[in-house]
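Student: I am new to this structure. Can you walk me through how to read it?

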Amino acid sequence: MLTVVASALTVSGCQAVLEPRSTMGIDDVVEAFTAQPDLPVTNPRDITADACAKNDACLAAVRSQEISIYRFESPSDAEKFVETLGENGYQSDWIVLEYPGAKFDTDPTESSYAGIIDSMWTSD
């Protein structure tokens, strides 16, 4: 019975029910970072109007002194965008982080923006 319900939800377009990270928003990410004493998000401000103006798949964006955070319609849209950032971009499903050296900031023994975003909620 559960398989039938899950299949019906997927077919009907209700994948967000099955993929919790698809509902993760910018505010969730900022809140997770600010809860970490060594990962500052100083003066976050909404930059959606400017940052997403030329990219219809970009749904929201915030910039602080340390990091920029972008939310996209799909992981594939996020992947296309992160490729434009080079070593300063890091993608975690629908979210892209931009900060110096983000691509290489993946040491699990160190606290990092990339590590926090990857550990948030459940990934699909």
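Tutor: Start with one term. A residue is buried when its relative accessible area is under 20%, and exposed when that value is over 50%. Phe 72 has a relative accessible area of 0%, so Phe 72 is buried. Keep in mind that this is a predicted model.

Student: What share of the residues in the protein is buried?

Tutor: Buried residues account for 39% of the 124 residues. The protein exposes about 7200 Å², and carbon and sulfur atoms supply 52% of that area.

Student: How far can I trust the coordinates?

Tutor: Look at the confidence before the details. Where pLDDT is low, the predicted coordinates should not be read in detail. Here the mean pLDDT is 84, and 81% of the residues reach 70 or more. Over residues 1-16, though, the pLDDT is below 50. Beyond near neighbours in sequence, that stretch has 8 contacts in the model.

Student: How many helices and strands does the protein have, and in what order do they run?

Tutor: There are 6 helices and 5 strands. From the N terminus, the order is α-α-α-β-α-β-β-α-β-β-α. Contacts tell you about the fold too. Take those between residues at least 6 apart in sequence: 43% of them join residues at least 24 apart.

Student: How do I read one helix?

Tutor: Ask which way its residues point. An α-helix has 3.6 residues a turn, so residues three or four places apart point the same way. Now take α3, residues 26-34. Its buried residues include Ile 26, Val 29, Val 30, Ala 32 and Phe 33. They cover an arc of only 160° around the axis, which puts them on the same side of α3.

Student: Which residues are exposed on the other side of α3?

Tutor: Asp 27 and Glu 31 are exposed there. As for the buried residues of α3, what covers them includes β2 (58-63), β3 (68-72), β5 (95-98) and α6 (113-119).

Student: How do I read the strands?

Tutor: Check partners and direction. In a regular strand the side chains alternate between the two faces of the sheet. Strands β3 and β5 run antiparallel, joined by 4 bridges. There, Ile 69 has Leu 97 in β5 as its bridge partner. Strand β4, residues 89-92, also pairs with β5 in the antiparallel sense, over 4 bridges. On that side, Tyr 90 stands opposite Leu 97.

Student: How many residues lie between the strands in the hairpin of β4 and β5?

Tutor: There are 2 residues between them. In this hairpin, Asp 93 takes a positive phi near 55°.

Notes:
Residues are numbered from 1 along each chain as its sequence is written. This is a predicted model: local features need pLDDT of at least 70, side-chain atom pairs count only at pLDDT 80 or more; totals for chains, interfaces and linings use all residues. Side-chain values use heavy atoms; hydrogens and water are left out. Buried means under 20% relative accessible area, exposed over 50%, partly exposed in between (1.4 Å probe, protein chains only). Contact means heavy atoms within 4.5 Å. Accessible areas come from the Shrake-Rupley method with a 1.4 Å probe; for residues, only the protein chains shown count as cover. The arc is that of the directions from the helix axis to the C-beta atoms. pLDDT is the predictor's confidence in each residue, from 0 to 100. Two strands pair if DSSP finds at least two bridges between them.
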